[in-house]
Amino acid sequence: MSSSFFIKTKSKPKLTTKGANGAAPKRKGDGGADGKNKLRAKKPNAKYNEEISSDSETESPVVSKKRQVHAENDFDETPQDKKLRLAKLYLDQLKEEEENKADDESFETDLVAGRLQEEVLEQKGKLQRLIAKDLVAPDASDIRVLRGHKLPITCLVVTPDDKCIFSAAKDCSVIKWDVESGKKLHTIPGGRKGTEDRHIGHTAHILCMAISSDGKYLATGDMNKLIMIWEAETCKHLFKFTGHKGPVSGLSFRKGTHDLYSASQDRSVKVWNVDENAYVETLFGHQDAITGLDSLSRECCVTAGGRDGTVRVWKIAEESQLVFHGHDGSIDCIQLINEEHMITGADDGSVSLWSVNKKKPLSTVKKAHGCHGDVGLEQPHWVASVAALQNSDTVASGSHNSQVNVWKCGQNYRGLELLFSVPVSGFVNSLKFSSSGQFLVAGIGQEHRLGRWWRIKDAKNGIYIIPLKRKPNPEEAKMTK
């Protein structure tokens, strides 16, 4: 890896802020949080460090359970009883080995070995479940549309249990939907400009949102430079983060924790601790407004830098970043597929697959959604959103050509093959796969989420729930016949 590829990140100096009794003035430009002191230490405290330590994540829960069982047995048994029990277990095991068929044994062994291998590959960022080959295009009648927002949808998330969807729009409102019934469970209304002091909620266009991996917290970011934290279950407003100097354009919780990463059009990335209601640090590097952000389990995040033409991987603990180049236009959206691979979309109409170990894309599809305009003046449709089914070979992209494209990634993410297109009318401003891979959710609007360059009058603002059907296996096909 060349030296130009590895850049030391500039971060703001760590300055401990004292409470109201005391004294140290707030430094201009620092991030802040309502009602709490800031976390300004370079490293987390010991307790917090234990919770997010990578060492603590590698131990298998199965092993710990076995240890617990053995510990209980050791406490209850005498040494003679233990020897007798272990001898009986060994004899029973030998008996089963004689009685069971070799095929059954190999099947069980393959299951355990396969599960362990998947866990190792997932940690390394190399797991690629081959799902795309079984997917078939859904019927138009199977696609459900949920309508409730008055203005274009800008972002959405699916809860980890796949039971609910949160959506936000340019009308400043947030709606919680029930996936099964399609009904509204809760609405957080938007407020008018100038009512910030008395309105609980957003008073400007909401550009991004994220939900924690345990489904506890919902975070939303808007054009007013605010990040609001909500209790996802009840939609109760908890507090807000201030500190960005531009619209908040990207949010993501680190998987398994309540660390929140935020990106802004002020070109910075900020780190927050939601449990402590506190600001941690700010990272700089992008030369233009950041348009998207994503993260998974590792203590890092990825960002799309808009017109600076770069994708960056931020290593938070090391305060460093990796810089990638590939698109010809503004990179408007980004999503991680696993810990080491990601997908991006740009306004040059291209969709690219990346590895964190390569400076250039592994694969790029030009004009992924076709072109529009008069003959001789054709322009590619901008790619406004991308999504990835985690640890799989299935990704999706959206534009304003009345289609959502579902793609199959090639082996080792080298190559993209179009599986099918789903007809929708309007700008596909947000895409999210469910955790189970059973459906894909698209947020549709009459306008692009970041501006008003075009307006599709025939489109209707809404949430499209697209089922991901599988090909029936041969046995099921015979039974249906």
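In what order do the strands of the open sheet of 4 strands with antiparallel pairing that includes β5 follow one another?

**View 1. The open sheet containing β5 has 4 strands in the order β5-β34-β33-β32, with antiparallel pairing.** The edge strands, β5 (144-146) and β32 (427-433), each pair on one side only, where two strands pair if DSSP finds at least two bridges between them, and strands are DSSP runs (E, at least two residues) numbered from the N terminus, as are helices (H or I, at least four residues). This is a predicted model, in which local features need pLDDT of at least 70, side-chain atom pairs count only at pLDDT 80 or more, and totals for chains, interfaces and linings use all residues. Residues are numbered from 1 along each chain as its sequence is written, and side-chain values use heavy atoms, with hydrogens and water left out.

**View 2. Strands β32 and β33 (residues 439-445) pair in the antiparallel sense over 6 bridges.** Within this pairing, F427 stands opposite G445 in β33.

**View 3. A further open sheet of 4 strands runs in the order β6-β7-β8-β9, with antiparallel pairing.** Its edge strands are β6 (153-158) and β9 (184-188), each of which pairs on one side only. Strand β7 (residues 164-169) is joined by 5 bridges to the antiparallel strand β8 (residues 174-178), and F166 stands opposite K176 in β8.

**View 4. Confidence along the protein chain is given by pLDDT, the predictor's confidence in each residue, from 0 to 100.** The mean pLDDT of the protein chain is 80, and 76% of its residues reach 70 or more. Among its elements, strand β15 (residues 259-264) has the highest mean pLDDT (96), and helix α2 (residues 54-58) the lowest (37). Where pLDDT is low, the predicted coordinates should not be read in detail.
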